[in-house]
Amino acid sequence: MNNDYLDPMNALGMPELADMTFAMDFLVRAKDGVRNAAAALTEAASPEARALLRNQLREALAMHQEITELMVRKRWFHPYELGEQYKLDQLSAKNTAMIGGMKLFRDDTSRKGMFDRLPDEGLRGDRA
């Protein structure tokens, strides 16, 4: 494993992985929107509110379908090929573990000595 996060080699494929991650997050949030709109629809009392929520539910379903179709077309999501989806999930877990193992911060994170004066230095005594 290459622990140097500044090494350009670690950036290979990152835009594609980022796009896939954003799309999956968007898909999950669209699914939440469908669920929330459906739940709200069952609780609405007035015909006007029900009509509004029905329209929102239709739009949420259409958005979920559009995102799903995009992800299937890009081969970022395999809802009907569980073996392929499993491989993608394994790759995602491996990349997550690799990023988690990278040394992204210095060993010494003390800020002591980084500033040339104390925060209240330079202010007059009555304002300090």
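I began with how helices are named: helices (H or I, at least four residues) and strands (E, at least two) are DSSP runs, numbered from the N terminus. By that naming, A60 is found in helix α2.

**Ground rules**

I noted that this is a predicted model, in which local features need pLDDT of at least 70, side-chain atom pairs count only at pLDDT 80 or more, and totals for chains, interfaces and linings use all residues. Residues are numbered from 1 along each chain as its sequence is written, and side-chain values use heavy atoms, with hydrogens and water left out.

**Entry 1**

Leaving aside neighbours within four places in sequence, A60 is in contact with G33 and V34, where contact means heavy atoms within 4.5 Å. I also looked up N36, which is 24 residues from A60 along the chain, and the C-alpha atoms of the two are separated by 9.7 Å.

Next I turned to T68, which lies in helix α2 (residues 47–73) and is buried too, with a relative accessible area of 16%. With neighbours within four places in sequence set aside, T68 is in contact with L27 and F77.

**Entry 2: the cores**

Which residues make up the largest nonpolar core? I listed M20, A23, L27, A30, I67, M71, W76, F77 and L88, 9 residues in all; a nonpolar core is a set of buried Ala, Val, Leu, Ile, Met, Phe, Trp, Tyr and Cys residues joined through side-chain atoms within 4.5 Å. The elements giving two or more residues to this core are α1 (14–43) and α2, and the largest share, 4 residues, comes from α1. Apart from this core lies another, of 7 residues, among them A37, A44, L53 and A60.

I then followed M71, and, not counting residues up to four places away in sequence, M71 touches M20, A23, M24, L27, W76 and F77.

**Entry 3: helix α3**

Helix α3 (residues 82–101) has 20 residues and reaches 28 Å from its first C-alpha to its last, close to the 28 Å expected at 1.5 Å a residue; the expected span is 1.5 Å times one less than the number of residues. In α3, Q85, L88 and N95 are buried. Seen down the axis of α3, the buried residues fall within an arc of 85°, so they line one face of the helix, the arc being that of the directions from the helix axis to the C-beta atoms. What covers these buried residues includes α1, while the face turned away from the buried side carries the exposed residues L82, Y86, K87, K94, A97 and G100.

**Entry 4: salt bridges**

How many salt bridges does the structure hold? I found 4, a salt bridge being a side-chain nitrogen of Lys or Arg within 4 Å of a carboxyl oxygen of Asp or Glu.

One of them joins the side chains of R29 and D25 (2.9 Å, N to O), which both lie in helix α1, 4 residues apart, about one turn of the helix. R29 is exposed, with a relative accessible area of 55%, whereas D25 is partly exposed at 38%.

I also noted that R75 forms a salt bridge with E81, the closest N and O atoms being 3.9 Å apart.

Notes
Buried means under 20% relative accessible area, exposed over 50%, partly exposed in between (1.4 Å probe, protein chains only).
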